[in-house]
Amino acid sequence: MPVTELEARYRARSLWLDGLAGTLAPRASLPGSTECDVCIVGAGFTGLWTAYYLKTLQPDLRVTVVEREIAGFGPSGRNGGWVSAFIAADPAVYRRSHGADAVLRAERETFGTVAEIGRVASTEAIECGFVHSGQLAVAFSLPQLERLRRSVGAKRGRGLREEDVRLLDLDELRQRVRLQGALGGSFSPHNARVDPARLVRGLAVACERRGVQIYERTPAIAIGPRTVTTTHGTVRADMVVRATEAYTTELPGEGRRFLPLYSLMVATEPLSAAAWDELGWSGHETIADQRHLFFYAQRTLDDRIAIGGRGAPYRLGSPIREDYEQRDEVRDRLVGCIRRHFPGAAQADITHHWGGPLGVPRDWSTSVICDRSAGFAWAGGYAGHGVVAANVSGRTLADLILGRDSDLVSLPWVGHAGRRWEPEPFRYLASRLIISILGSADRHEDATGRRARRTRLVQPFVLGR
Ligand SMILES: Cc1cc2nc3c(=O)[nH]c(=O)nc-3n(C[C@H](O)[C@H](O)[C@H](O)COP(=O)(O)OP(=O)(O)OC[C@H]3O[C@@H](n4cnc5c(N)ncnc54)[C@H](O)[C@@H]3O)c2cc1C
């Protein structure tokens, strides 16, 4: 495919990739079979953070990254830009395996990771609009308010403090952002707003400055202990790291590792100063509602609203395809949220619609796995919360690979490989059921103002059951 066509394809993957300055022409592909110390497959956040910390800790290590498309092609270059610190897991899963203190320690680690990402962005001069703004959860109905209170209560019950998360009354909320129909909210400082494509692409350059070799347009067809077989040659390494998140399900024998569930986004045109006066939102906090199919939003670096949500059902047989990244009903739902809740943006044009696949494990909980003797490691299963989790995974994998006995290597996701999803068509039916029941529960709650109890039907498939 000519480079101009490739660039157009890459830019079409997200608002953020579209907005990047400079070229998106791929780096060179693997020139033929080779050897190195560590070979990482996948140049998203997991792969690149792993490479970055490995080279920071041991500069003479020979680290090679092979990427099927370009750095940041996957969800790392497409996501909502929430550097959100709440753990990418059902806390109950890790509480069962490691106890309550370990869960609290894991949460404290992810809280600190927000600042760590900001530190590296600043040290490496990555201009990615990082603002350590915090996160607002907003309730737009009584059932949502009830869920919000329960969620804050559960976090406090796990040992988090007032300064970690607290309820806001309507006046406090309105001082931050004036959302139509809001009944109340909560605030946590443990979140930052970022342009994810700028961050991941800048991280790739920072890795190269440290001597990481990145080969693009190099699909791996087999990823195993000490060997990666690609369409351009074989890489032999002391350690192979698989960092392919949802795309892992395309690899032989890995189809049931995750449910590749799509999350989709839309963005408005840049809004006028008058619109921002009406909305407030000068703190750039990330914002989510409390619907079951919740929205997540940010005020972008160039003053748009970028908002996303789940709800695109996956298809049997070929669950990951570029033509699944846009869906009219999800787009309409997200645009409806903008029109209903963000008064200053009610008339704004929608300029972008995009999405990507999440890697959802059966127990909705992250894994970081490293077998040094076999020469194989992987991390992922972030279920849509990977920006912070991938940094933690990268630092942890670097320590595990180098045999460093740090605090990170005893966190509860290390060595945790949850069970696989049910074989088809059960996984397909479960995912359809999840989306349809959660969507109908939201419609019921919006229409009646009363809590929908039908969500109990899908409890066995969500959050670690
Ligand atoms: C629309 C959307 C919004 C989201 N919003 C947020 C958010 O706001 N905050 C948050 O924390 N998380 C969010 N997420 C999730 C987050 O983006 C991911 O969890 C995270 O980016 C995963 O990073 P990764 O490096 O593990 O995987 P990826 O970003 O998927 O990277 C994997 C890379 O591997 C490459 N690859 C795959 N197969 C092969 C192969 N065979 N050979 C070579 N290369 C291969 C891919 O091309 C890709 O570049 C969102 C996701 C989506 C889709």
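Leaving aside its neighbours within four places in sequence, which residues is Trp-378 in contact with? In this predicted model, the contacts of Trp-378 beyond that stretch are with Val-241, Arg-242 and Ile-369. Trp-378 itself has its place in strand β18, which covers residues 376-380. Is Trp-378 buried or exposed? A residue counts as buried when 20 or more other C-beta atoms lie within 10 Å of its own, and Trp-378 has 26 such neighbours, so Trp-378 is buried. For a sense of scale, the C-alpha atoms of Trp-378 and Gly-181 are separated by 43 Å, and these two residues are 197 apart along the chain.

Where the two domains touch, 18 residues of domain 1 are in contact with 12 residues of domain 2. On the domain 1 side of this contact, the residues divide into six nonpolar, seven polar and five charged.

In total, 43 residues surround the ligand, and the closest of them are Gly-42, Gly-44, Gly-74, Gly-80 and Gly-386. Two or more residues of the shell come from each of the helices α3 (45-57) and α11 (386-402) and from each of the strands β3 (82-84), β12 (259-268) and β16 (350-360). The largest share, four residues, is that of α11. By class, the shell around the ligand holds 19 nonpolar, 19 polar and five charged residues.

Helix α11 has a packing partner as well. Two packed helices are described by the angle between their axes and the distance between the axes. For α11 and helix α5 (residues 100-123), the angle is about 90° and the axes are 9 Å apart. Angles of 65 to 115 degrees count as roughly perpendicular, and α5 and α11 are therefore roughly perpendicular to each other. On the α5 side, the contact is made by Glu-109, Thr-110, Thr-113, Val-114, Glu-116 and Ile-117, which meet Val-388, Asn-391 and Val-392 of α11. The contact of α5 with α11 comprises four nonpolar, three polar and two charged residues.

Terms used. Residues are numbered from 1 along each chain as its sequence is written. This is a predicted model: local features need pLDDT of at least 70, side-chain atom pairs count only at pLDDT 80 or more; totals for chains, interfaces and linings use all residues. Two residues are in contact if their C-beta atoms, placed from the backbone, lie within 7 Å. Ala, Val, Leu, Ile, Met, Phe, Trp, Tyr, Cys and Pro count as nonpolar, Asp, Glu, Lys and Arg as charged, and the others, Gly among them, as polar. A residue is near a molecule or strand if its C-beta atom, placed from the backbone, lies within 6 Å of it. A residue is buried if 20 or more other C-beta atoms lie within 10 Å of its own, exposed if 12 or fewer, and partly exposed in between; C-beta atoms are placed from the backbone. Axes are lines fitted to C-alpha atoms, for helices over the stretch in contact, and angles run from 0 to 180 degrees between N-to-C directions. Angles under 35 degrees count as roughly parallel, over 145 as roughly antiparallel, 65 to 115 as roughly perpendicular and the rest as oblique.
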